[in-house]
Amino acid sequence: MKNTALTEIHKELGAKLVPFAGYNMPVSYEGVTIEHETVRTGVGVFDVSHMGEFLISGPNALSLIQKVSSNDASKLSIGKAQYSCLPNETGGIVDDLIIYQIKEEQYLLVVNASNIEKDWKHISKYNEDISADMRNLSDDYSLLAIQGPKAVEAMQSLTDVDLATIKFYTFEVAPFAGVDNVIISATGYTGSGGFEIYCKNTEVAQIWTKVFEAGEDFGIKPIGLAARDTLRLEMGYCLYGNDINDTTSPIEAGLGWVTKFTKDFVNSENLAKEKAEGSSRKLIAFELEERGIPRHDYEIVNGAGEKIGMVTSGTMSPSMGKGIGLGYVPKTASALGEKIYIQIRKKAVPATIVKLPFYKN
């Protein structure tokens with residue numbers, strides 16, 4: 001089991017640590033509901049240093065990224081980031097990721113921790129004919145997510161960059177908390193605003209300490225992965241391994257908006273055909289009409305009690321006080337407002353298909 005550079009600090013703070021994607025990760029400190037609320041109303045900090053970072057450089061860097069990713073990376077410019085997918089050859093998704101353009105001919109790809117090795121092999125396979133420079137920085141870099149509506153105000157004293165001017169999915173490379181060349185990115189997985197901070201492992205303890213000193217007057221708290229999951233699910237953000245995987249297509253997962261057919265990419269011809277003809281199933285969002293907590297792999301049934309799909313993600317929403325979830329059903333049963341049922345133990349609990357996000361700020 002790998003540790004992040006902050007594992008000992010998490011232990012001192014009383015975090016409950018669990019194995020996640022091969023790492024010892026803090027799942028909670030005070031409890032998921034308190035931590036969730038901290039991010040929705042104030043500011044909280046996640047250690048997400050288990051994420052993977054690949055640096056793709058050189059004159060062929062963009063060609064490689066365009067080949068392996070579904071979104072159109074030619075639309076990027078220095079200081080901008082883009083959400084995308086790595087499609088596989090059989091209609092599914094290798095991973096979802098964020099692509100940052102750092103310099104001319106230099107890009108940072110941030111991938112899911114559980115997929116670092118798989119993604120590296122997949123991209124390398126296509127790079128054999130393209131010959132971009134690839135470096136795996138995953139073991140050398142740390143990532144902090146400073147999230148919540150008070151993040152800008154709480155962190156402003158740590159940098160000369162006007163944080164309020166960094167727009168969503170843009171970033172600055174600048175001094176932060178006394179450390180040079182930190183990526184300050186207006187991205188995150190919570191839907192409550194804030195920043196993601198990329199730095200070297202040797203620098204992250206200093207940054208963590210200064211972040212908590214700067215945020216003390218704003219009620220800053222450390223936040224675990226359990227609240228990260230409830231926050232992302234309230235926004236309807238897909239989680240790799242749950243809502244998307246090697247067998248789910250970006251079209252049926254509602255990721256057509258990051259699948260651009262203005263270029264040739266892995267399996268683009270088949271995905272374009274799927275988009276034109278329509279998928280046979282669709283990822284839907286639902287809210288329970290009665291008490292209950294939907295969980296991953298619970299059955300979705302129709303009024304006749306027949307199984308029509310599976311829950312991919314589910315929780316009791318701390319913000320809304322009701323059970324919410326995502327799951328795949330046939331397209332014919334996916335209309336907004338349609339009644340479905342979630343099989344929770346022996347009871348089929350009624351639910352309604354709703355529009356995302358669940359949580360509206």
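Predicted model: local features only at pLDDT ≥ 70, side-chain atom pairs only at ≥ 80, totals over all residues.

In what order do the six strands of the open sheet run, and with what kind of pairing? The order is E10-E11-E12-E9-E3-E13, and the pairing is mixed.

**The open sheet**

- The edges of the sheet are formed by strand E10 (171-176) and strand E13 (221-222), each of which pairs on one side only.
- Strands of a sheet pair through backbone hydrogen bonds, and the sense of that pairing can be parallel or antiparallel.
- Strand E9 (residues 141-147) and strand E12 (residues 194-200) run antiparallel and are joined by seven bridges, with Gln 147 standing opposite Gly 194 in E12.
- E10 and E11 also pair in the antiparallel sense, in their case over five bridges, and here Ala 174 stands opposite Val 182 in E11.
- E10 and E11 form a hairpin that has two residues between the strands, and in its turn Ala 177 has a positive phi of about 55°.

**The second largest pocket**

- Rolling a probe the size of a water molecule over the atoms is a way to show where empty space is left.
- The second largest pocket has a volume of about 400 Å³, and its lining is made up of 17 residues, among which Ile 102, Tyr 141, Val 173, Asn 181 and Ile 183 lie nearest its centre.
- Sorted by class, the residues that line the second largest pocket are nine nonpolar, six charged and two polar.

**Aromatic pairs**

- The structure holds eight aromatic pairs, and one of them joins Tyr 83 and Trp 257, whose ring centres are 5.8 Å apart and whose planes meet at 25°, so the pair is stacked.
- Because Tyr 83 lies in strand E5 (residues 81-87) and Trp 257 in the loop between helix H7 (225-235) and helix H8 (268-277), this pair ties together parts that are 174 residues apart in sequence.
- Tyr 83 is buried, with a relative accessible area of 15%, whereas Trp 257 is exposed, with a relative accessible area of 54%.
- Is the pair of Tyr 100 and Phe 171 stacked or edge-to-face? The ring centres of Tyr 100 and Phe 171 are 5.3 Å apart and their planes stand at 75°, so the pair is edge-to-face.
- Tyr 100 belongs to strand E6 and Phe 171 to strand E10, so their pair ties together parts that are 71 residues apart in sequence.
- Both partners are buried, Tyr 100 with a relative accessible area of 0% and Phe 171 with one of 6%.
- Ring pairs link Tyr 100 and Phe 171 with Tyr 198 into a cluster.

**Charges over rings**

- The charged end of Arg 40 sits over the ring of Tyr 359, at 4.2 Å from the centre of that ring.
- The charged end of Arg 281 is placed over the ring of Tyr 328, 4.2 Å from its centre.

**Backbone details**

- Leu 356 and Pro 357 are joined by a cis peptide bond with an omega of about 0°, and Pro 357 has its place in the segment after strand E19 (347-354).
- Asn 267 has a positive phi of about 65° although it is not a glycine; Asn 267 is found in the loop between H7 and H8 and is buried, with a relative accessible area of 15%.
- Asp 297, likewise a residue other than glycine, has a positive phi near 80°; Asp 297 lies in the loop between strand E14 (281-288) and strand E15 (299-301) and is partly exposed, with a relative accessible area of 47%.

- How many residues lie between Glu 252 and Val 329 in sequence terms, and how far apart are they in space? Glu 252 and Val 329 are 77 residues apart in sequence, and their C-alpha atoms are 9.9 Å apart in space.

Technical notes: Residues numbered from 1 in each chain as written. Heavy atoms only, no water. Pairing = 2+ DSSP bridges. Helix = DSSP H or I, 4+ residues; strand = E, 2+ residues; numbered from the N terminus. 1 Å grid on protein atoms, 1.4 Å probe; cavity = no way out; pocket = protein on both sides within 12 Å on 5 of 7 lines; lining within 4 Å. Points joined across faces, edges and corners; volume = space filled by probe spheres on them. Nonpolar A, V, L, I, M, F, W, Y, C, P; charged D, E, K, R; others polar. Phe/Tyr/Trp six-rings, centres within 6.5 Å; stacked < 30°, edge-to-face > 60°. Buried < 20%, exposed > 50% of the residue type's maximum accessible area, 1.4 Å probe, protein only. Lys NZ or Arg CZ within 6 Å of the ring centre and 35° of its normal.
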